[in-house]
Amino acid sequence: MTTPPGWYPDPGQTPQLPPQERWWDGSSWTGHTRPGTGIAPQPGRGGTRAGRGQLIAGIVGSVVLAAALAVGGVLLLGGGGSDSDEKPKAAPSSHSATPKESTPPDDEESPSPSTSPGDVVPEPRLGVGLTVPEGWEQGSPDSSFVSHKTAYVCPGQNTNCVRGGAQLLPVSSGWEGKKALKDAAELQVAKNAKEAYSKKAYGGITSHKVVKSGAVTVAGQPGYRIRWRVENKLEPDAYVEAVVFRSPHLKDEILTLWSSADIAPKSPPVSDLDKLREGVVRTRLGAGEDDGNHKSV
């Protein structure tokens, strides 16, 4: 878990020069700077990231989802979906980092790593990767987390959330049969919703409804997908999805794709969750992993 992205005092500031700030992307400093406008704490380990920024914008640099998603904020919803029961809601009023006066305005695209639509962001430990949809980006150069480019202030706390997020994660070994995939997907979608739309950032999930479910094929392997429409105590509401599928490399192991999207203006369309699932591809398995009889613990 890391300090959320935002403008912070430049750690490499030359004392003789006017103060400047540098953009922290949630895991590392970027090359983007601007004149200093306020005093904010330095990023460091031990901060938190909410929403899909947790998930969904915050799982950064590992297979552990941190808020983000926004699976961001966290962990990573209105105007951004196409399901018939969608009911758009107003977006939060500002986009924050601490302090507010040193942050970009609400729903602004933040400086980001150089990923383009169609690029594949690999997760070497799992031997699969995510294809970046239009309007999305890699969370950081060392992260397999993919988030929508639009960020905003989390409704329940003064940290950043993003409008959509996705992450590939390991589940476990030993799940046999088609029913096992469905059972695992039911557990994973609940976990994704809890991580992506935390009580601290969104006031808690008041209800959910299954809007899509069924067998799918992911990276050439059998899988099962469940999508929820969740109602949050604090707007926005969201679509949250978990796709569980067989590993293309590791015997008896299953993986999951967590994804989510706000239902709010400037959010990604809910169809992007389908694009993320369809864009999961097999990649090289990282060094140290056995291709064949490996079982996770």
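Predicted model: local features only at pLDDT ≥ 70, side-chain atom pairs only at ≥ 80, totals over all residues.
**Entry: D237 and R229**
D237 forms a salt bridge with R229. The closest N and O atoms are 4.0 Å apart. D237 has 1% relative accessibility, so I noted D237 as buried. R229 is buried too, at a relative accessible area of 4%. The cut-off for buried is under 20%.

**Entry: R125 and E123**
Next I looked up R125. R125 makes a salt bridge with E123. Here I read 3.0 Å between the closest N and O atoms. Are the two partners buried or exposed? R125 sits at 40% relative accessibility and counts as partly exposed. E123, at 2%, counts as buried.

**Entry: R277 and D274**
I moved on to helix α3, which covers residues 271-278. The side chains of R277 and D274 meet there in a salt bridge. I noted 3.0 Å from N to O. How far apart do R277 and D274 lie in the helix? They are 3 residues apart, so about one helical turn separates them. I checked burial as well: R277 is buried, and D274 is buried.

**Entry: total**
Last, I searched the whole structure for salt bridges. The search finds 13. Among them I have logged R125 with E123, D237 with R229, and R277 with D274.

Terms used:
Residues numbered from 1 in each chain as written. Heavy atoms only, no water. Buried < 20%, exposed > 50% of the residue type's maximum accessible area, 1.4 Å probe, protein only. Helix = DSSP H or I, 4+ residues; strand = E, 2+ residues; numbered from the N terminus.
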